[in-house]
Amino acid sequence: MIFGFHPLEGGYDVPMRVVGANIPYEWLIYVIMLIPVSVFLFGFWKKLEVWLLAKGEIHRNDKIAQRIWSWFVFSFAQARVIRKPLAGWMHAFLFWGFLVLFLAAGIDAMHNMISWPHLEGNFYIGFSWVVDVLGFLALIGVMVLGFVRYFQKPERLNDTKSSDGWIILLIFAILLTGYFIEGLRIAAQIKLSTTIQQIAYERAASPFGWMFASFFGSMSVDAMLMWHRLLWWFHMAIAFLFIALVPFTKLWHIFASMLNYTFRDLEPSANRMVYNIEEAETFGVENIEDFGWKDLLDLDSCIRCGRCQENCPAYNTGKHLNPKVTLIQNMKAHLDAKAPYLLAAKASGAEVEEMAMTEEAAAEEVNPMEQSLLYDVVGSEVIWDCTNCRACMEHCPMFIEHIPKIVEMRRNLVMWQGDMPGEAQMAFTNMERNYNPWGVGWAGRAGWLEERGVREMVNLLPEDGKEFEYLLYAGCAVSFDDRYKRVGEALVRLLNKAGVSFGYLGTEEYCCGDSARRLGNEYLYQTLVSQNLESFNNYGVKKIIVVCPHGYTALKNEYPQMGGNYEVYHYTEILAKLVAEGKLKPSKSLGVKMTYHDSCFLGRHNGVYDQPRKVLKAAGGQVVEIEKAKEFGFCCGAGGGRMWLEEEAVLKDGIQYKRINDTRTDQLLVPNPEMIVTNCPFCLTMIADGVKAAEAEENTKVFDVAEVLWKAME
């Protein structure tokens, strides 16, 4: 019966366990349970109310099957979490332990509430074994995580709060008391059994429970039964406390992360589009509520694991930007403080500004309604420090979208506040007047062909007007950077040697707009894109080979937002294909020891890691992989438009940091290579400057992938 008392007995003929045995008034727990569940639902509703304050538009209701799969893989397989093995696997143990314990508790509740039959026989033994083992792994997991946080103290966990310790202690107590209860039950059943064989199945069903039972073997049965009851009620009380705390503490990430996995950005890496820009009344984000609902969900999803911080080139060179603290956590604290006023204003129909004048607000030391998101909460220095390298987004186990938030705030600073670094303004002026950030006259855009002696190899449009398969989008660097013109020459010679049919727009090619967009000038970006799309469409372009990874990202991932749908390839992808097909056969093996720098925009933004390496190996390069390679690659410092901004070495907390490019160069120089190879004009410039600063020019040369392959072809 549901309200009946079941005394604890010895073993059973058929392996099983009686739910609620030895617990007087056990049925009360299902009434008391309504309290924490109600608190949890209330907390969830308050979170939802805050997310619904968002004014920005983010639509994530597409690709339903893919989203369900994403939720499943990243929630239950912990695919992103376990990338960091120790902490990741311990977290996975904790997650799965709690999941199966919750399932087991649910089965127990269903037995009492709707008279589900007991689990019996081998099924009971198997299911109980899984629960017992995974629960114990969860106990190990929480202990290891506590050890890492409070004893190892890695730099990435540099913002530990007192609540972190209490949560770890609460979880530990729930799990440990569960094993004490199980041990007491088994120990009592052993003494109540006529023979040990009568209860021997519990050794297999609950191996760790059996181990805990040995701790209580000297106690009397009455003492065992008393402590079993006391600990059972205590265990349930702290478990209910856990449930009630979830929406109001760091524990909320359990559910927020699942939502983030479901509604993450499934599209290729791209900035968000501003549609109907001519009709826009404001630009970018000035207030926290101007973000989209997914942005606000991101703030609740952050578990402060520090993986973003650990891989951020700005933070690791002493800059103001810390993607965990000065960006996400500062925004979260601001949202938490401002939300009550926004909700009150929404409920009353009052203007938000009116809420700032209430007595309660005036009494606060810091009035969140009067704080500026851009200057007081995040800070303009933080906003401009970002290189858009995507390391934060690549390594965040919760799929938090840092870069779009930074770009949106830059848009407001540039297009609404008119507040930007002077170097950014100069780059914008150059792009407006001469369609390139260098500011060199646009009429000389094709001059590099004659200068490098490859004019006769190029189908220059419209002068030559021949049919072509690919359009070579050379980009501004090949046209105007003296060093990178040599890369353009090498690529043209390689394509010509392989018999690739390609055309080149010359003066009808404009800047891709990447720097303008990532520095916040969306209007200039869209103007440049419109001009390029007109040129592309005039010549019936279908396939494009792009030299610069920044242009590659723009043309491949962002131009489709404005109707520019083409087959876009980075030149290293084409070279790797030509080598594999035997159309490019190096005549000699260079036999040079080299390190390879993964540019952020080719690597993390587009996942192109292997093709450049295949080209280098085909040329006879002895590629030595450094620690910070591929998805863990360290930025050169020029992304996100920072190629055009000054960077100073920082002295902070008594530590003299180097500039980002110098830090990256030092990493690449560790194996003492004869050559450092890049695939990007910005990277080539930054790494070459780094080698010069390190006084390593005599022993180590810096080249581009195309140059290396051409050397092997000559």
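Biologist: At what angle do helix α28 and helix α31 pack, and how far apart are their axes?

Modeller: This is a predicted model. In it, α28 (residues 610-618) and α31 (residues 705-713) pack at about 25°, and their axes are 9 Å apart.

Biologist: Roughly parallel or roughly antiparallel to each other?

Modeller: Angles under 35 degrees count as roughly parallel, so α28 and α31 are roughly parallel to each other. The crossing in which α28 passes α31 is left-handed.

Biologist: Which residues make the contact?

Modeller: From α28, Pro612, Val615 and Leu616. From α31, Val705, Val708 and Leu709. By class, the contact of α28 with α31 has six nonpolar residues, no polar ones and no charged ones.

Biologist: Next pair. What is the packing angle of α6 and α9?

Modeller: About 155°, with the axes of α6 (residues 162-192) and α9 (residues 221-245) 9 Å apart. The cut-off for roughly antiparallel is over 145 degrees, so α6 and α9 are roughly antiparallel to each other.

Biologist: Is that crossing left-handed or right-handed?

Modeller: α6 and α9 cross in a left-handed sense. Their contact divides into 22 nonpolar, four polar and two charged residues.

Biologist: Switching to α3. How many residues does it have, and what does it span?

Modeller: Helix α3 covers residues 64-76, which is 13 residues. From first C-alpha to last it reaches 18 Å, close to the 18 Å expected at 1.5 Å a residue.

Biologist: Which of its residues are buried?

Modeller: In α3, the buried ones are Arg67, Ser70, Val73, Phe74, Ser75 and Phe76.

Biologist: And what follows α3?

Modeller: Glutamine 78, with a positive phi near 55°.

Biologist: Where is leucine 103, and why does it count as partly exposed?

Modeller: Leucine 103 lies in helix α4, residues 85-114. Its relative accessible area is 45%, and partly exposed runs between under 20% for buried and over 50% for exposed, so leucine 103 is partly exposed.

Biologist: How far is its C-alpha from that of valine 131?

Modeller: The C-alpha atoms of leucine 103 and valine 131 are separated by 8.9 Å, and the two residues are 28 apart along the chain.

Biologist: Last topic, the whole chain. How many helices and strands, and what does the C-alpha trace span?

Modeller: There are 31 helices and eleven strands. Along its principal axes the C-alpha trace spans about 100 × 70 × 55 Å. The chain has 714 residues, and 56% of them count as buried.

Biologist: What share of the contacts with a separation of 6 or more comes from residues 24 or more positions apart?

Modeller: 80% of those contacts in the chain.

Note on methods:
Residues numbered from 1 in each chain as written. Predicted model: local features only at pLDDT ≥ 70, side-chain atom pairs only at ≥ 80, totals over all residues. Heavy atoms only, no water. Axes fitted to C-alpha atoms, helices over the stretch in contact; angles between N-to-C directions. Helix = DSSP H or I, 4+ residues; strand = E, 2+ residues; numbered from the N terminus. Parallel < 35°, antiparallel > 145°, perpendicular 65-115°, else oblique. Left-handed = near helix turned anticlockwise from the far one by under 90°. Contact = heavy atoms within 4.5 Å. Nonpolar A, V, L, I, M, F, W, Y, C, P; charged D, E, K, R; others polar. Expected span 1.5 Å × (residues − 1). Buried < 20%, exposed > 50% of the residue type's maximum accessible area, 1.4 Å probe, protein only.
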